[in-house]
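Please open the structure in your viewer and keep the selection tool at hand.

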Amino acid sequence: MSGMREENELHGEHDGHGEDERELAADTFDAAEFDDGLLEEELRRAAAVRDPVPTELRQLALDAYALYDLDARVAELTFDSLVDALPIRGATDAPRMLTFRAGELTVDVEVTGQGLMGQVLPPQPALIEVLGGPQSALPVPVDELGRFTSGARPAGPFALRLRTGADVVVTEWLRA
Amino acid sequence: MTAGTAPSTAYDVVPYTRGGAVERAEVGALVRAAVDGDAGAWKALVDGLSPLVWSVVRAHRLSDADGHEVYQTVWFRFAQHLGRIREPEKAGSWLASTARHECLKVIKSLTRLMPTDDPLVLDRVSEDRTPEQLLIDSEDAAAEAEQVRRLWQEFEELGDRCRRLLRVLMASPPPSYLEVSAALGIAVGSIGPLRQRCLRRLRARLDARGVV
(Lines give C-alpha, C1' and ligand atoms only; values in the text may rest on other atoms or scores of the structure.)
Protein backbone atom coordinates (compact mmCIF):
# COMPACT_ATOMS: atom_id res chain seq x y z
CA MET A 1 0.00 0.00 0.00
CA SER A 2 2.79 2.39 0.81
CA GLY A 3 4.35 1.73 -2.59
CA MET A 4 1.11 2.68 -4.23
CA ARG A 5 1.02 5.83 -2.22
CA GLU A 6 4.51 6.88 -3.23
CA GLU A 7 3.58 6.41 -6.82
CA ASN A 8 0.56 8.61 -6.28
CA GLU A 9 2.64 11.28 -4.72
CA LEU A 10 4.88 11.30 -7.73
CA HIS A 11 1.84 12.01 -9.84
CA GLY A 12 0.93 14.64 -7.31
CA GLU A 13 4.28 16.34 -7.79
CA HIS A 14 3.84 16.56 -11.52
CA ASP A 15 0.42 17.90 -10.88
CA GLY A 16 1.91 20.50 -8.58
CA HIS A 17 4.30 21.55 -11.32
CA GLY A 18 1.40 22.29 -13.59
CA GLU A 19 -0.36 24.36 -10.98
CA ASP A 20 2.48 26.33 -9.52
CA GLU A 21 4.03 29.03 -11.61
CA ARG A 22 7.44 28.58 -10.15
CA GLU A 23 9.72 25.59 -10.47
CA LEU A 24 10.16 24.01 -7.08
CA ALA A 25 13.34 22.35 -5.97
CA ALA A 26 13.20 18.75 -4.78
CA ASP A 27 13.71 19.59 -1.13
CA THR A 28 10.96 22.17 -1.30
CA PHE A 29 8.72 19.36 -2.43
CA ASP A 30 9.72 17.26 0.53
CA ALA A 31 8.94 20.13 2.85
CA ALA A 32 5.61 20.78 1.18
CA GLU A 33 4.71 17.12 1.33
CA PHE A 34 5.71 16.98 4.94
CA ASP A 35 3.46 19.95 5.56
CA ASP A 36 0.60 18.15 3.79
CA GLY A 37 1.09 15.24 6.16
CA LEU A 38 1.04 17.55 9.17
CA LEU A 39 -2.14 19.20 8.06
CA GLU A 40 -3.82 15.88 7.44
CA GLU A 41 -2.80 14.77 10.92
CA GLU A 42 -4.16 18.00 12.40
CA LEU A 43 -7.43 17.35 10.63
CA ARG A 44 -7.46 13.83 12.05
CA ARG A 45 -7.07 15.22 15.55
CA ALA A 46 -9.70 17.85 14.89
CA ALA A 47 -12.14 15.20 13.62
CA ALA A 48 -11.66 13.20 16.81
CA VAL A 49 -12.76 16.25 18.77
CA ARG A 50 -15.37 17.82 16.49
CA ASP A 51 -16.95 14.81 14.83
CA PRO A 52 -16.11 11.51 16.55
CA VAL A 53 -18.08 8.28 16.10
CA PRO A 54 -21.02 8.74 18.47
CA THR A 55 -20.62 6.47 21.49
CA GLU A 56 -24.01 4.82 21.06
CA LEU A 57 -23.22 3.98 17.44
CA ARG A 58 -19.95 2.35 18.38
CA GLN A 59 -21.89 0.25 20.89
CA LEU A 60 -24.43 -0.74 18.23
CA ALA A 61 -21.58 -1.89 15.99
CA LEU A 62 -20.16 -3.97 18.86
CA ASP A 63 -23.57 -5.51 19.55
CA ALA A 64 -24.03 -6.28 15.86
CA TYR A 65 -21.73 -9.29 16.27
CA ALA A 66 -24.82 -11.12 17.56
CA LEU A 67 -26.22 -10.91 14.03
CA TYR A 68 -23.47 -13.14 12.74
CA ASP A 69 -25.35 -16.37 12.16
CA LEU A 70 -23.58 -19.29 10.56
CA ASP A 71 -26.76 -21.31 10.24
CA ALA A 72 -28.75 -18.79 8.24
CA ARG A 73 -28.53 -18.34 4.52
CA VAL A 74 -28.45 -14.76 3.30
CA ALA A 75 -31.06 -13.71 0.76
CA GLU A 76 -29.35 -11.08 -1.32
CA LEU A 77 -31.05 -7.94 -2.50
CA THR A 78 -31.48 -8.40 -6.25
CA PHE A 79 -33.93 -5.60 -6.96
CA ASP A 80 -34.49 -2.27 -5.23
CA SER A 81 -36.93 0.12 -6.89
CA LEU A 82 -34.98 3.00 -5.39
CA VAL A 83 -32.01 2.10 -7.57
CA ASP A 84 -33.26 -0.22 -10.29
CA ALA A 85 -36.61 1.26 -11.29
CA LEU A 86 -37.21 4.27 -13.47
CA PRO A 87 -38.75 7.08 -11.48
CA ILE A 88 -42.47 7.45 -12.03
CA ARG A 89 -43.44 10.97 -12.92
CA GLY A 90 -45.57 12.56 -10.23
CA ALA A 91 -45.37 9.56 -7.92
CA THR A 92 -43.49 11.01 -4.97
CA ASP A 93 -44.42 8.36 -2.44
CA ALA A 94 -44.48 5.25 -4.59
CA PRO A 95 -43.89 2.15 -2.45
CA ARG A 96 -40.38 0.79 -2.29
CA MET A 97 -40.24 -2.58 -4.01
CA LEU A 98 -37.56 -5.02 -2.92
CA THR A 99 -36.65 -8.50 -4.08
CA PHE A 100 -34.35 -10.80 -2.16
CA ARG A 101 -33.07 -14.09 -3.41
CA ALA A 102 -31.39 -17.10 -1.80
CA GLY A 103 -31.00 -19.96 -4.23
CA GLU A 104 -34.49 -21.02 -5.35
CA LEU A 105 -36.21 -18.91 -2.73
CA THR A 106 -37.41 -15.41 -3.55
CA VAL A 107 -38.96 -12.85 -1.23
CA ASP A 108 -40.79 -9.86 -2.65
CA VAL A 109 -41.36 -6.99 -0.25
CA GLU A 110 -43.22 -3.74 -0.60
CA VAL A 111 -42.51 -1.00 1.92
CA THR A 112 -45.20 1.65 2.25
CA GLY A 113 -45.95 4.32 4.80
CA GLN A 114 -48.25 1.80 6.50
CA GLY A 115 -45.83 -1.07 6.81
CA LEU A 116 -44.57 -4.11 4.95
CA MET A 117 -46.32 -6.46 2.55
CA GLY A 118 -44.72 -9.38 0.88
CA GLN A 119 -44.74 -12.82 -0.60
CA VAL A 120 -42.47 -15.83 -0.42
CA LEU A 121 -41.88 -17.58 -3.75
CA PRO A 122 -42.41 -20.32 -4.62
CA PRO A 123 -45.57 -20.01 -2.49
CA GLN A 124 -45.20 -21.91 0.76
CA PRO A 125 -45.94 -21.54 4.44
CA ALA A 126 -43.18 -19.95 6.47
CA LEU A 127 -42.51 -18.40 9.82
CA ILE A 128 -41.41 -14.82 9.28
CA GLU A 129 -40.00 -12.26 11.68
CA VAL A 130 -39.07 -8.64 11.08
CA LEU A 131 -35.67 -7.98 12.65
CA GLY A 132 -34.82 -4.46 13.75
CA GLY A 133 -31.43 -5.15 15.31
CA PRO A 134 -29.65 -7.77 17.38
CA GLN A 135 -32.34 -7.68 20.08
CA SER A 136 -35.46 -7.09 18.07
CA ALA A 137 -37.56 -9.73 16.26
CA LEU A 138 -41.29 -9.34 15.61
CA PRO A 139 -43.23 -12.28 14.16
CA VAL A 140 -45.62 -11.34 11.37
CA PRO A 141 -48.73 -13.24 10.24
CA VAL A 142 -48.20 -15.36 7.11
CA ASP A 143 -50.82 -17.24 5.12
CA GLU A 144 -50.39 -20.68 3.59
CA LEU A 145 -49.08 -19.20 0.35
CA GLY A 146 -46.36 -17.27 2.09
CA ARG A 147 -48.04 -13.88 1.86
CA PHE A 148 -47.41 -11.63 4.82
CA THR A 149 -48.19 -8.16 6.10
CA SER A 150 -46.79 -6.10 8.91
CA GLY A 151 -48.67 -3.04 10.12
CA ALA A 152 -45.53 -1.25 11.22
CA ARG A 153 -43.02 0.40 8.94
CA PRO A 154 -39.51 -0.44 10.18
CA ALA A 155 -38.09 2.54 12.05
CA GLY A 156 -34.52 1.90 10.95
CA PRO A 157 -32.51 -0.87 9.33
CA PHE A 158 -34.47 -4.11 9.04
CA ALA A 159 -34.18 -7.66 7.82
CA LEU A 160 -36.63 -10.52 7.47
CA ARG A 161 -35.91 -13.91 8.97
CA LEU A 162 -37.75 -16.76 7.32
CA ARG A 163 -38.05 -20.33 8.48
CA THR A 164 -39.29 -22.77 5.90
CA GLY A 165 -39.00 -26.31 7.17
CA ALA A 166 -35.45 -26.71 8.42
CA ASP A 167 -34.18 -23.81 6.35
CA VAL A 168 -33.42 -20.39 7.86
CA VAL A 169 -33.01 -17.48 5.50
CA VAL A 170 -32.29 -13.84 6.46
CA THR A 171 -32.65 -11.02 3.97
CA GLU A 172 -29.83 -8.56 3.62
CA TRP A 173 -29.99 -5.72 6.10
CA LEU A 174 -31.45 -2.65 4.58
CA ARG A 175 -32.64 0.76 5.53
CA ALA A 176 -36.37 1.01 4.86
CA MET B 1 -5.34 11.44 19.95
CA THR B 2 -4.63 13.63 22.92
CA ALA B 3 -5.71 17.15 22.23
CA GLY B 4 -3.37 18.55 24.85
CA THR B 5 -0.18 17.34 23.22
CA ALA B 6 2.21 20.11 22.38
CA PRO B 7 2.69 20.52 18.65
CA SER B 8 6.39 19.73 18.74
CA THR B 9 5.75 16.27 20.20
CA ALA B 10 2.68 15.65 18.12
CA TYR B 11 4.59 16.24 14.92
CA ASP B 12 7.06 13.52 15.82
CA VAL B 13 4.38 10.90 15.49
CA VAL B 14 3.17 12.02 12.09
CA PRO B 15 3.48 8.96 9.88
CA TYR B 16 5.67 9.53 6.87
CA THR B 17 3.76 6.94 4.91
CA ARG B 18 0.15 6.08 5.57
CA GLY B 19 0.11 4.38 8.97
CA GLY B 20 -3.16 2.72 8.09
CA ALA B 21 -1.49 0.31 5.74
CA VAL B 22 0.47 -1.24 8.59
CA GLU B 23 -2.43 -1.49 10.99
CA ARG B 24 -4.74 -2.74 8.30
CA ALA B 25 -2.49 -5.74 7.70
CA GLU B 26 -4.20 -7.37 10.64
CA VAL B 27 -7.70 -6.86 9.35
CA GLY B 28 -7.76 -10.15 7.43
CA ALA B 29 -6.66 -12.09 10.50
CA LEU B 30 -9.22 -10.30 12.67
CA VAL B 31 -12.03 -11.09 10.25
CA ARG B 32 -11.05 -14.75 10.21
CA ALA B 33 -10.90 -14.82 14.01
CA ALA B 34 -14.32 -13.17 14.25
CA VAL B 35 -15.69 -15.77 11.84
CA ASP B 36 -14.41 -18.40 14.27
CA GLY B 37 -16.30 -16.78 17.14
CA ASP B 38 -13.69 -14.47 18.66
CA ALA B 39 -15.66 -11.52 20.07
CA GLY B 40 -12.43 -9.69 20.88
CA ALA B 41 -11.52 -9.75 17.21
CA TRP B 42 -14.90 -8.25 16.36
CA LYS B 43 -14.30 -5.49 18.88
CA ALA B 44 -10.90 -4.80 17.35
CA LEU B 45 -12.54 -4.56 13.92
CA VAL B 46 -15.10 -2.10 15.25
CA ASP B 47 -12.39 -0.04 16.94
CA GLY B 48 -10.23 0.01 13.85
CA LEU B 49 -12.84 0.51 11.17
CA SER B 50 -15.84 2.32 12.63
CA PRO B 51 -14.12 5.74 12.27
CA LEU B 52 -13.76 4.94 8.56
CA VAL B 53 -17.45 4.04 8.22
CA TRP B 54 -18.40 7.18 10.14
CA SER B 55 -16.13 9.30 7.95
CA VAL B 56 -17.79 7.98 4.81
CA VAL B 57 -21.21 8.80 6.26
CA ARG B 58 -20.10 12.29 7.27
CA ALA B 59 -18.42 12.88 3.93
CA HIS B 60 -21.80 12.43 2.27
CA ARG B 61 -23.39 14.99 4.57
CA LEU B 62 -26.42 13.03 5.60
CA SER B 63 -28.67 14.23 8.39
CA ASP B 64 -27.86 12.80 11.81
CA ALA B 65 -30.81 10.40 11.70
CA ASP B 66 -30.00 9.12 8.21
CA GLY B 67 -26.31 8.91 8.97
CA HIS B 68 -26.93 6.86 12.10
CA GLU B 69 -29.14 4.46 10.17
CA VAL B 70 -26.61 4.04 7.40
CA TYR B 71 -23.87 3.38 9.94
CA GLN B 72 -26.00 0.70 11.62
CA THR B 73 -27.04 -0.86 8.33
CA VAL B 74 -23.41 -1.17 7.29
CA TRP B 75 -22.36 -2.92 10.49
CA PHE B 76 -25.43 -5.17 10.59
CA ARG B 77 -24.73 -6.22 7.04
CA PHE B 78 -21.04 -6.73 7.75
CA ALA B 79 -21.93 -9.07 10.64
CA GLN B 80 -24.40 -10.85 8.41
CA HIS B 81 -21.85 -11.40 5.63
CA LEU B 82 -18.88 -12.00 7.90
CA GLY B 83 -18.35 -15.63 6.94
CA ARG B 84 -18.76 -14.91 3.23
CA ILE B 85 -16.44 -12.00 2.70
CA ARG B 86 -14.20 -13.12 -0.12
CA GLU B 87 -11.15 -11.02 0.70
CA PRO B 88 -11.11 -10.60 4.49
CA GLU B 89 -8.02 -8.38 4.32
CA LYS B 90 -10.08 -5.89 2.32
CA ALA B 91 -12.85 -5.65 4.90
CA GLY B 92 -12.17 -1.92 5.19
CA SER B 93 -12.88 -1.43 1.50
CA TRP B 94 -15.97 -3.61 1.82
CA LEU B 95 -17.28 -1.44 4.66
CA ALA B 96 -16.39 1.81 2.91
CA SER B 97 -18.04 0.72 -0.32
CA THR B 98 -21.18 -0.52 1.45
CA ALA B 99 -21.39 2.75 3.37
CA ARG B 100 -21.04 4.73 0.17
CA HIS B 101 -23.80 2.81 -1.58
CA GLU B 102 -26.15 3.21 1.37
CA CYS B 103 -25.38 6.93 1.51
CA LEU B 104 -26.15 7.29 -2.19
CA LYS B 105 -29.45 5.48 -1.67
CA VAL B 106 -30.39 7.90 1.08
CA ILE B 107 -29.50 10.86 -1.11
CA LYS B 108 -31.55 9.35 -3.92
CA SER B 109 -34.57 8.81 -1.70
CA LEU B 110 -34.53 12.42 -0.54
CA THR B 111 -36.02 13.98 -3.61
CA ARG B 112 -36.89 17.17 -1.80
CA LEU B 113 -34.66 17.28 1.26
CA MET B 114 -31.08 17.49 0.11
CA PRO B 115 -28.17 16.71 2.46
CA THR B 116 -27.49 19.61 4.69
CA ASP B 117 -25.12 22.35 3.75
CA ASP B 118 -25.69 24.16 6.98
CA PRO B 119 -22.53 24.12 9.10
CA LEU B 120 -24.60 24.83 12.20
CA VAL B 121 -26.47 21.59 11.73
CA LEU B 122 -23.24 19.70 11.28
CA ASP B 123 -21.84 21.29 14.40
CA ARG B 124 -24.56 19.72 16.50
CA VAL B 125 -22.97 16.32 16.08
CA SER B 126 -20.42 16.89 18.75
CA GLU B 127 -22.82 17.99 21.45
CA ASP B 128 -22.07 14.87 23.43
CA ARG B 129 -18.92 15.66 25.28
CA THR B 130 -16.13 13.31 24.43
CA PRO B 131 -13.14 12.88 26.74
CA GLU B 132 -11.21 14.97 24.25
CA GLN B 133 -13.72 17.75 24.57
CA LEU B 134 -13.66 17.69 28.34
CA LEU B 135 -9.93 17.99 28.13
CA ILE B 136 -9.96 20.96 25.82
CA ASP B 137 -12.61 22.61 27.94
CA SER B 138 -9.95 23.39 30.49
CA GLU B 139 -8.63 26.91 30.26
CA ASP B 140 -5.09 25.86 29.47
CA ALA B 141 -6.28 24.21 26.31
CA ALA B 142 -8.66 26.95 25.27
CA ALA B 143 -6.26 28.28 22.68
CA GLU B 144 -5.86 24.89 21.11
CA ALA B 145 -9.62 24.40 21.09
CA GLU B 146 -9.96 27.67 19.27
CA GLN B 147 -7.38 26.55 16.75
CA VAL B 148 -9.24 23.29 16.18
CA ARG B 149 -12.48 25.22 15.77
CA ARG B 150 -10.97 27.52 13.16
CA LEU B 151 -9.33 24.63 11.33
CA TRP B 152 -12.66 22.82 11.27
CA GLN B 153 -14.46 25.89 10.07
CA GLU B 154 -12.07 26.37 7.15
CA PHE B 155 -12.35 22.68 6.35
CA GLU B 156 -16.15 22.88 6.30
CA GLU B 157 -16.00 25.77 3.86
CA LEU B 158 -13.92 23.92 1.30
CA GLY B 159 -15.60 22.87 -1.93
CA ASP B 160 -17.51 19.61 -2.02
CA ARG B 161 -14.83 17.50 -3.65
CA CYS B 162 -12.13 18.51 -1.21
CA ARG B 163 -14.32 18.40 1.86
CA ARG B 164 -15.50 14.92 0.95
CA LEU B 165 -12.02 13.57 0.26
CA LEU B 166 -10.45 15.08 3.36
CA ARG B 167 -13.31 13.90 5.59
CA VAL B 168 -12.56 10.32 4.57
CA LEU B 169 -8.78 10.73 4.73
CA MET B 170 -8.97 12.01 8.29
CA ALA B 171 -10.47 8.77 9.62
CA SER B 172 -8.35 7.25 12.35
CA PRO B 173 -6.29 5.16 11.73
CA PRO B 174 -5.63 6.67 8.29
CA PRO B 175 -7.45 4.72 5.59
CA SER B 176 -5.56 3.13 2.71
CA TYR B 177 -6.08 4.58 -0.75
CA LEU B 178 -8.01 1.44 -1.70
CA GLU B 179 -10.44 2.19 1.10
CA VAL B 180 -10.69 5.85 0.10
CA SER B 181 -11.38 4.74 -3.45
CA ALA B 182 -14.16 2.42 -2.25
CA ALA B 183 -15.57 5.14 0.00
CA LEU B 184 -15.85 7.78 -2.69
CA GLY B 185 -16.02 5.88 -5.95
CA ILE B 186 -12.92 7.58 -7.35
CA ALA B 187 -9.85 6.00 -8.94
CA VAL B 188 -6.97 5.16 -6.60
CA GLY B 189 -4.57 7.05 -8.87
CA SER B 190 -6.49 10.30 -8.56
CA ILE B 191 -6.45 10.36 -4.77
CA GLY B 192 -2.82 11.47 -4.27
CA PRO B 193 -2.98 14.50 -6.56
CA LEU B 194 -6.41 15.50 -5.27
CA ARG B 195 -5.28 15.11 -1.67
CA GLN B 196 -2.31 17.35 -2.31
CA ARG B 197 -4.38 20.01 -4.00
CA CYS B 198 -7.02 19.98 -1.27
CA LEU B 199 -4.58 20.11 1.62
CA ARG B 200 -2.72 23.00 0.02
CA ARG B 201 -5.94 24.81 -0.65
CA LEU B 202 -6.87 24.40 2.99
CA ARG B 203 -3.40 25.51 4.08
CA ALA B 204 -3.72 28.63 1.94
CA ARG B 205 -7.06 29.47 3.51
CA LEU B 206 -5.64 29.01 7.00
CA ASP B 207 -2.66 31.19 6.14
CA ALA B 208 -4.93 33.87 4.74
CA ARG B 209 -6.89 33.93 8.01
CA GLY B 210 -3.76 33.93 10.10
CA VAL B 211 -4.54 30.51 11.58
CA VAL B 212 -1.25 28.75 12.15
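Begin with the largest nonpolar core, which has 85 residues; select B:Val53, B:Val56, B:Val57, B:Trp75, B:Leu95, B:Ala99 and B:Val168, the members that touch the most others. A nonpolar core is a set of buried Ala, Val, Leu, Ile, Met, Phe, Trp, Tyr and Cys residues joined through C-beta atoms within 7 Å. A residue is buried if 20 or more other C-beta atoms lie within 10 Å of its own, with C-beta atoms placed from the backbone. With 10 residues, α4(B) gives the most to this core. Because domain 1 (19–114) and domain 2 (138–211) of chain B both contribute residues, the core lies between them. These domain bounds come from an automatic or database assignment.

The model is predicted: local features need pLDDT of at least 70 and side-chain atom pairs count only at pLDDT 80 or more, while totals for chains, interfaces and linings use all residues. Residues are numbered from 1 along each chain as its sequence is written, and chains are lettered from A and ligands numbered from 1 in the order in which they are written.

Next, select B:Val56. Which residues does B:Val56 touch, not counting those up to four places away in sequence? They are B:Ala96, B:Ala99, B:Arg100, B:Cys103, B:Val168 and B:Ala183. Contact requires C-beta atoms, placed from the backbone, within 7 Å.

Now colour the two domains of chain B, whose C-alpha centres lie 21 Å apart. Their contact takes 19 residues from domain 1 and 16 residues from domain 2. On the domain 1 side, select α2 (19–24), α4 (39–59) and α6 (91–109) of chain B, the elements that give two or more residues. Helices are DSSP runs (H or I, at least four residues), numbered from the N terminus. Here α4(B) gives the most, with 7 residues.

Definitions and conventions. Two residues are in contact if their C-beta atoms, placed from the backbone, lie within 7 Å. A residue is buried if 20 or more other C-beta atoms lie within 10 Å of its own, exposed if 12 or fewer, and partly exposed in between; C-beta atoms are placed from the backbone.
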